[in-house]
Amino acid sequence: MASSLEFVQYVCDQLSGAGAVTSRKMFGDYALYYRGKVIGLVCDNSFFLKKTEAGRSLLPDCREAPPYAGAKPSFLVEELDDREAMARLVQATWEALPEPKKKKSKTKGYIYDAL
């Protein structure tokens, strides 16, 4: 079941205390971005945060679950009401995640010898 846009907007709003959190639709569900990094997913109207040690320290009792079949487990964040706690969680997760890999150029650098 795909996620509703209303739920995605609600999650982004609850996390926005850290700054702008944006979403991008992917395969019927959504990836959530903060300052250029994917921090989590919204799948089946549930919020999944990428696992980090920093996140674990802020959510010690958080349940883990895969956001979709075959995915690595993430933190299943069910309590989104405390905006300040969510802002701290987003910031800590962002800091713990590696920088995104640079995308390769799609243009091929053919070199033609003049005859």
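1. Which residues does L89 touch, not counting residues up to four places away in sequence? In this predicted model, the residues in question are L49, G55, L58, L59 and V77. L89 is found in helix α3 and is buried, with a relative accessible area of 2%. One of its contacts, L58, is 31 residues from L89 in sequence, while the C-alpha atoms of the two are 6.6 Å apart in space.

2. For the overall layout, a reader new to the structure may start from the 3 helices and 6 strands of the chain, which follow one another along the sequence in the pattern α-β-β-β-β-α-β-β-α. The chain has 115 residues, of which 35% count as buried. Among the contacts with a separation of 6 or more, 52% are between residues 24 or more positions apart.

3. The 6 strands form an open sheet with antiparallel pairing, and their order in the sheet is β1-β2-β3-β4-β6-β5. At the edges stand β1 (21-26) and β5 (64-65), and each of them has a single partner strand, so one side of each is left without a neighbour in the sheet. Helix α1 packs on this sheet, where it touches β1, β2, β3 and β4, and its direction makes about 20° with that of β2.

4. Within the sheet, the pairing of β3 with β4 can be followed in detail: strand β3 (residues 37-43) and strand β4 (residues 46-49) run antiparallel and are joined by 4 bridges. For G40, the bridge partner in β4 is L49, a residue that is also among those touched by L89.

5. The largest nonpolar core has 22 residues, and those with the most contacts inside it are L15, L32, I39, F47 and V77. At least two residues of this core come from each of α1, β2, β3, β4, β6 (74-77) and α3. The surroundings of I39 can be listed as well: leaving aside neighbours within four places in sequence, I39 is in contact with L15, L32, Y34, F48, L49, K50, V90, T93 and L97.

6. How many aromatic pairs are there in the model? The count comes to 2. In the pair of F7 and Y10, the ring centres are 6.3 Å apart and the planes stand at 40°, so the pair is tilted. Both residues belong to helix α1 (residues 5-15), where, being 3 residues apart, they are separated by about one helical turn. Y10 is partly exposed, with a relative accessible area of 33%.

7. The other pair, formed by Y34 and W94, is edge-to-face, with 6.1 Å from centre to centre and 85° between the planes. This pair links distant parts of the chain, since Y34 lies in strand β2 (residues 29-34) and W94 in helix α3 (residues 83-96), 60 residues apart. Are Y34 and W94 buried or exposed? Y34 counts as buried at 2% relative accessibility, and W94 likewise counts as buried, at 14% relative accessibility.

Technical notes: Residues are numbered from 1 along each chain as its sequence is written. This is a predicted model: local features need pLDDT of at least 70, side-chain atom pairs count only at pLDDT 80 or more; totals for chains, interfaces and linings use all residues. Side-chain values use heavy atoms; hydrogens and water are left out. Rings of Phe, Tyr and Trp (its six-membered ring) pair if their centres lie within 6.5 Å; planes under 30 degrees apart count as stacked, over 60 as edge-to-face and the rest as tilted. Buried means under 20% relative accessible area, exposed over 50%, partly exposed in between (1.4 Å probe, protein chains only). Two strands pair if DSSP finds at least two bridges between them. Contact means heavy atoms within 4.5 Å. Axes are lines fitted to C-alpha atoms, for helices over the stretch in contact, and angles run from 0 to 180 degrees between N-to-C directions. A nonpolar core is a set of buried Ala, Val, Leu, Ile, Met, Phe, Trp, Tyr and Cys residues joined through side-chain atoms within 4.5 Å.
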